[in-house]
Amino acid sequence: MAGSEDLFLRAQHRTFSGLTEDAEREWKGPFVFIQAADPQLGLMKAWRDGDCDGGGDEWGEEIELTRRAVEACNQLRPRPRFLVLCGDLVHAMPDTPFREGQERDLKEVLKGTDPSIPLVFVSGNHDLGNTPTPRTVEQYRSAWGDDYFSFWVGGVLCLVLNSQLFYDASACPQLKDAQETWLEEQLSRAAASSSSTEPGPKHVLVFQHIPLYLKSPDEEDDYFNLRKAVRQSLLARFKKAGVKAVFSGHYHRNAGGRHDGLDMVVSSAIGCQLGRDAHGLRVVVVTADAVVHRYHSLEQLREEGVADDLRKLLQV
């Protein structure tokens with residue numbers, strides 16, 4: 001495992017939070033996890049300077065915000081089952097100045113996460129490049145772990161996807177094909193389980209960086225969503241497999257919608273805000289019947305913790 005081993009959850013380790021995968025396939029009651037997105041070290045100064053194509057030569061603000069996010073997660077009760085970071089971990093593109101320093105400093109601050117809260121990393125366009133190559137994907141894997149994988153937690157099947165392969169895989173078509181083959185296997189098994197007498201996942205959740213859509217499945221193509229043909233195909237496949245929700249970032253604003261029972265969740269950033277949202281995290285409560293979530297500012301989460309109405313959902 002690359003980097004600091006205690007930071008990473010990787011598919012081939014087949015364990016989660018100290019429990020075997022078989023144990024985690026069993027539903028044992030409601031639980032909570034935290035979704036975050038876009039710490040993107042270096043963007044805040046680059047955005048102010050009007051030079052977002054540059055790597056951003058300062059990232060102290062993002063380090064402090066990430067530290068506060070870690071502290072807020074650590075003090076939550078009940079303890080989150082995991083913390084997932086939905087892409088754009090750093091701002092500097094592969095093979096550009098400041099990349100190494102940004103990755104090093106982000107890893108250092110994330111070491112403060114309580115060991116009982118596994119970290120799950122999702123690749124973003126700045127982590128892989130807007131047009132990823134086999135080399136940039138391998139660099140990401142060496143630094144952060146697999147770019148797509150699945151894991152079970154508390155009876156819920158979670159799929160982590162490399163959305164950049166949906167966006168532009170022109171320089172790595174074989175990698176796109178490999179993820180497609182793997183994803184089809186995962187979705188087919190989930191769909192089969194839902195129609196079987198054998199217990200399948202209580203829910204299926206997807207984590208990726210680029211949203212399928214921002215407000216509506218029929219919206220026009222944009223930098224911040226997936227192309228309409230791609231999104232419609234994924235939506236149909238996800239719905240068939242019983243996917244409950246897709247969690248993403250990338251937009252640096254809160255957005256999303258719910259259509260035909262599938263929740264598209266677009267969470268704003270730990271780091272640079274492009275709208276009016278506060279720097280924050282999303283609290284997600286998973287019950288037997290629903291996946292309920294709410295975005296919290298870092299201050300709100302630190303001072304108030306999980307809101308009373310969400311906490312009541314965790315009471316069996």
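Lys107 counts as buried at 16% relative accessibility, where buried means under 20% relative accessible area, exposed over 50% and partly exposed in between, computed with a 1.4 Å probe on protein chains only. Lys107 lies in helix α4, and helices (H or I, at least four residues) and strands (E, at least two) are DSSP runs numbered from the N terminus. The C-alpha atoms of Lys107 and Gln273 are separated by 22 Å, although the two residues are 166 residues apart along the chain.

This is a predicted model, in which local features need pLDDT of at least 70 and side-chain atom pairs count only at pLDDT 80 or more, while totals for chains, interfaces and linings use all residues. Residues are numbered from 1 along each chain as its sequence is written, and side-chain values use heavy atoms, with hydrogens and water left out.

**Overall form**

- The protein has 11 helices and 13 strands.
- The radius of gyration of the protein is 18 Å, close to the 20 Å that the globule rule gives for 316 residues, so the protein is as compact as a globular protein of that length; the radius is taken over C-alpha atoms, and the rule is 2.2 Å times the number of residues to the power 0.38.
- Taken along the principal axes, the box that the C-alpha atoms fill is roughly 55 × 45 × 40 Å.
- Of the 316 residues of the protein, 57% count as buried.
- Among the contacts with a separation of 6 or more, 68% are between residues 24 or more positions apart, a contact being heavy atoms within 4.5 Å.

**Surface and charge**

- The accessible surface of the protein comes to about 13200 Å², and 48% of it belongs to carbon and sulfur atoms; the areas come from the Shrake-Rupley method with a 1.4 Å probe, and for residues only the protein chains shown count as cover.
- There are 36 positive and 47 negative side chains, and the centres of the two sets lie 4 Å apart.
- In this count Lys and Arg are positive and Asp and Glu negative, with His and the chain ends not counted, and the place of a charge is taken as NZ of Lys, CZ of Arg, CG of Asp or CD of Glu.

**Aromatic rings**

- A search of the whole structure finds 13 aromatic pairs, where rings of Phe, Tyr and Trp (its six-membered ring) pair if their centres lie within 6.5 Å, with planes under 30 degrees apart counted as stacked, over 60 as edge-to-face and the rest as tilted.
- The rings of Phe82 and Phe207 have centres 6.1 Å apart and planes at 90°, so this pair is edge-to-face.
- That pair links distant parts of the chain, since Phe82 is in the loop between α3 (60–74) and β4 (83–86) and Phe207 is in strand β8 (residues 203–207), 125 residues apart.
- Phe82 is buried, with a relative accessible area of 0%, and Phe207 is also buried, with a relative accessible area of 0%.
- The rings of Phe149 and Phe151 have their planes at 35° and their centres 6.3 Å apart, so this pair is tilted.
- Phe149 counts as buried at 2% relative accessibility, and Phe151 counts as buried at 6%.
- One aromatic cluster is formed by Phe33, Phe82, Phe149, Phe151, Phe207 and Phe247.

**Backbone features in the loops**

- The peptide bond from Arg77 to Pro78 is cis, with omega near 0°, and Pro78 has its place in the loop between α3 and β4.
- Asp88, in the loop between β4 and α4 (99–110), has a phi near 50°, which is a positive value in a residue other than glycine, and Asp88 is buried, with a relative accessible area of 2%.
- Phe98 is found in the loop between β4 and α4, has a positive phi near 80° as a residue other than glycine, and is partly exposed, with a relative accessible area of 37%.

- His203, found in strand β8, counts as buried at 5% relative accessibility.
- Leaving aside neighbours within four places in sequence, His203 is in contact with residues including Gly155, Val156, Leu157, Lys244 and Asp289.
- Ala241, in helix α9 (residues 228–241), counts as buried at 3% relative accessibility.
- With neighbours within four places in sequence left aside, Ala241 is in contact with Leu187, Ala190, Ala191 and Val204.
- The C-alpha atoms of Ala241 and Ser188 are separated by 6.7 Å, and the two residues are 53 residues apart along the chain.
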